[in-house]
Amino acid sequence: MSLLSGSRFTRFGAVVCATAAGIAVAMSGTAHAAGADIAATRPPTAPHKIVMHQRGAHAAPRTPLSDLAWGGGPVQHNTKVYLVFWGSQWNSDANGVRSYLTNFFSGLGNGSERWSNVMDQYTDSSGNASSGNPVLGGTWVDNASAAPSRSTASQISSEANRGASHFGVSGVNADVFVVSPSGTRPDNFPNAGFCAWHDWNGRVAYTNMPYVLDAGSSCGANSVQNALDGFSIVGGHEHAEAETDPQAGNGWLDANGEENGDLCAWQGLTALSTSTGRFAVQPTWSNAAGGCATSA
């Protein structure tokens, strides 16, 4: 197991509604046992949007309050990511973002890499989290009309539902990425200070995935290999969080309300080798390792 930044992390994730902040939890040795403690002390929280902040949005690292603990909600079993490239703007893709994201998710969960296995330790009442084989469930360019230049959170949720209908999926295992084209400002990106966020709308888990290259190095461009690094760093972050907390607030969180991707955001960035190429990723929090890990 590759262990990174074992005892400290920078807080780059934040809950954008009521959070679990300030809850004191008596943690025990295993991931599921730890979850039982917090599940007994509070009911599952209401779903809420959870964001990945841009690089440098928070300053000093701090000591983690706890390992992740289970909030009583589901994890994803056999999770599938569905990429929805929103808008006729995607008829042109000079930077190859569609291919990059498609290859990234195609290479996850098929046994050729161990990054995905870090999430498998987290459980719900039905068993362990697990990735699909492969993670990618499908891609769709929704080019019937142009994506809005400034879409709202509600419009993004509606597009996620449109994608779910296109693929014929629903439920917590379906993770719909709404990928906006360059030059658009989904939910006030990049001025709002986030790179992406994920949520649950009652039908599917979904991610607001802006064109992060428009934010440059603040969202990961040229952090590891090339200008497209941010798409896999940020996309992997949101995928990992959706697998362990698909309803965005009642899955696996630390005592401050942060998720497995948040605790390791912008730390230990590396290139992950998969059957479909090499892609920049961040580690995710591992209770088993007691820190940020890139493999299990």
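**Close-up views of a predicted model**

The protein exposes about 10,100 Å² (Shrake-Rupley method, 1.4 Å probe). Carbon and sulfur atoms supply 48% of that area. This is a predicted model: local features need pLDDT of at least 70, side-chain atom pairs count only at pLDDT 80 or more, and totals for chains, interfaces and linings use all residues. Residues are numbered from 1 along each chain as its sequence is written, and side-chain values use heavy atoms, without hydrogens and water.

View 1. Helices (H or I, at least four residues) and strands (E, at least two) are DSSP runs, numbered from the N terminus.

**View 2. Helix α3 spans residues 153-167.** Its 15 residues reach 21 Å from first C-alpha to last, close to the 21 Å expected at 1.5 Å a residue. That expected span is 1.5 Å times one less than the number of residues. Buried in α3 are I156, S157, E159, A160, G163, A164 and F167. They cover an arc of only 160° around the axis (from the directions to the C-beta atoms), so they sit on the same side of α3. Their cover includes β5, β8, β9, β10 and β11. Just after α3, G168 has a positive phi of about 70°.

**View 3. A cis peptide bond joins N133 and P134.** Omega is about 0°. P134 lies in strand β8.

**View 4. D187 is found in the loop between β9 and β10.** Its phi is positive, near 55°, though D187 is not a glycine. N188 is in this loop too, with a positive phi of about 70°. A cis peptide bond joins F189 and P190, with omega about -5°.

How values were computed: Buried < 20%, exposed > 50% of the residue type's maximum accessible area, 1.4 Å probe, protein only. Contact = heavy atoms within 4.5 Å.
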